[in-house]
Amino acid sequence: MRATRTCLLLLFIFTCTEAQSEFIIKSVTLFVHPAKEVERGTNLTLTCNAQVSHTGGRLPQYTYIFYKNFDPKVLHMEKMDAVEQMNFSIPNARAFDSGTYRCEVVIEQQNSMSQTESVKVKGLQVPELTVDKQRVSEGETVSATCSAQEEKGVLQFSFKDGTNEMHRESSESGHVVTVFPLRSARIARLSCLYFTDRLESNVSNVVTVEVQELDIRPTITFQPSTEVIEGDTVQIFCRVDSKFQNSTFLLRLIKGKDLLKPDMKNTHYSKVVQAVDTGEYECSTTMNGITKTDAQNLTVKELFSKPILTITPVGVFEGQPFTVRCKSSEFASERISWDNVKYSVLKNGQPVTLGAFNGEYNATASTQTNGNYTCKAQASNIFKWSRQQIFTAKMLVSRPVIEVVDKVVLDRPFKIHCHSEYGSFPINYTLIRNQKPLNQILSQHEHDHAVFSAVISTKEEIHDYRCIAQNSQNNPPLMSDALSAPVIVPVKKVSLEVLPRPDQVIEGTDVYLICNAGIGTPPISFNWYRLGSNSTLMSQTVQVNNSAHKLPTVSSKDSGTYYCEAFNNGIEHSQSDKVTFTVRMAHWKIGIIASVCLLLLTLSVVFLIKYRSKRGKRETAAQLSVKPASPKSDDAIISHP
């Protein structure tokens, strides 16, 4: 019985529980109905279709997600039980709904994204403009409302007065209310439009607003007149109509860029005028942001003209007289005479004239009179200053100094510099030779050097040159001393002498190679060479015209050809003739060799004699050994025929 119940329970569980299905998302497709491009007001439907393959059994929930314009923010999301498509409706579509859409299907851990589809909703609602009043005065404000209630999303509204944009503002409520003033008398034509997603609406209805002129006008007056003379007191009044006295407005006095008085409502402007006060004066009133003006010219005649300072003569040298004059060329004869204008001269801000002064100041030029001069003219409490002039007394040129710029070499060009220690520029320098002018140079400043070219052929000619300097036609020129400078005579006539004589050079003795410079200014540098050698035997600089190079204890290897060269600051190198010598054997060696030779000769003779002597004896003995016995005297000698 118990086993039967267990079997029935298992059968019930098996029949009531389905196995979990295996699945794969094959594709996701997005469809747009009725079309991808529609007119505003159309009901749009986006259908997301999912193709899913599975093994059967129970499927998990499908999650459908819609996106717009690649924004990761979810536009719409919905979960459904294994439904292979889901619709997202956009009723009464507006331009705001234009964009790029796509959808995504998520099933448990799997997800798949559809293709993108672009939707365009054509047409925008024409905005409507309303204002709170259609007649205002200059400067008054108007409240304007621009509305496009049928549109969705963020709309950017623009308000215009004719072609001039007055205000721009964004809103999500479909309308904007703004307040702006109308500043000039006219018929204003107001309109508006809006922008959304790079689309621009048509222009709204045009509303006309009559802007009436604000009749507040200032007036400007001058007392005693608009034409006065320096020293007069002028009062300037700015007024508006009395009916505006209790209104809020600003009243200012302006001259050019200068605000003379910021508040002229209950006061006036007063000044003792000068010629510089001539010009246009303007009364300006501002009410409700509207400015009205009235302007008049004030002419101020000079009581006397600005004084002119002159210093004569031009280019005054120290010790010469000069005159400073201060005069005004014009004056108002109806007010003053020439005698009423008083003058004073100042140097570096300090007066140099005291008491009565007729406008002319005389002095002798010196370093004490140098400075910045100005003059002041005065009459009836009016002061005028001349332009400043700098006076510097010129300094007579000092006696010039003549000198060479570099070394002087005979028969070569060299430079002569002529200069004075002090003196005002320009200075005219002249080079002379034996009292005859050669050349002139005008030196304009201290770095403008007077440098001349010259050539001499003898040392004594260096003293023929002088120079003169002059910077004033009223003073005689000054002459320098005669030019004095070391003169370099280039080396010439170089010779090489060998001691002992080339035919008497004996091995073991010292040989001296003496290099002589026949002409040349010390110090002189000497170099010795041996023909065939690439190096210098010796170099030496001395204060005389000759020098020697010693070859100690010469041997046969010192035999050869030698020469020397000499040069000084004249740069030129002069070479001697070549000298050849052969080192002969020493006398004692010759004696030894002769003695040895004589000894050898003697020994040879002795040996020869002895040799011949021994040979003779042997020959004699041999003869005796083979000779027959001598016949006796009584033996007959038989001869054979």
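1. Leaving aside residues up to four places away in sequence, Lys-120 touches Lys-36, Glu-37, Val-38 and Ser-98. The model is predicted, and the points below should be read as describing that model.

2. Lys-120 belongs to strand E9, which covers residues 117–122. Its relative accessible area is 46%, so Lys-120 counts as partly exposed, the range for that class lying between 20% and 50%. Arg-94 is 26 residues from Lys-120 in sequence, and their C-alpha atoms are 9.2 Å apart in space.

3. There are 11 aromatic pairs in the structure. One of them is formed by Phe-222 and Tyr-281, in an edge-to-face arrangement with 5.8 Å centre to centre and 80° between the planes. This pair links distant parts of the chain: Phe-222 lies in strand E19 (residues 219–223) and Tyr-281 in strand E25 (residues 279–287), 59 residues apart.

4. Are Phe-222 and Tyr-281 buried or exposed? Phe-222 has a relative accessible area of 9% and is therefore buried. Tyr-281, at 4%, is buried as well. The cut-off for buried is under 20%.

5. Phe-322, Tyr-373 and Phe-391 together make up one aromatic cluster.

6. Which ring does the charged end of Lys-68 sit over? That ring belongs to Phe-96, with the charged end of Lys-68 at 4.5 Å from the ring centre. For Arg-102, the charged end sits over the ring of Tyr-67, 5.7 Å from its centre.

Key
Residues are numbered from 1 along each chain as its sequence is written. This is a predicted model: local features need pLDDT of at least 70, side-chain atom pairs count only at pLDDT 80 or more; totals for chains, interfaces and linings use all residues. Side-chain values use heavy atoms; hydrogens and water are left out. Helices (H or I, at least four residues) and strands (E, at least two) are DSSP runs, numbered from the N terminus. Buried means under 20% relative accessible area, exposed over 50%, partly exposed in between (1.4 Å probe, protein chains only). Contact means heavy atoms within 4.5 Å. Rings of Phe, Tyr and Trp (its six-membered ring) pair if their centres lie within 6.5 Å; planes under 30 degrees apart count as stacked, over 60 as edge-to-face and the rest as tilted. A charge sits over a ring if NZ of Lys or CZ of Arg is within 6 Å of the ring centre and within 35 degrees of the ring normal.
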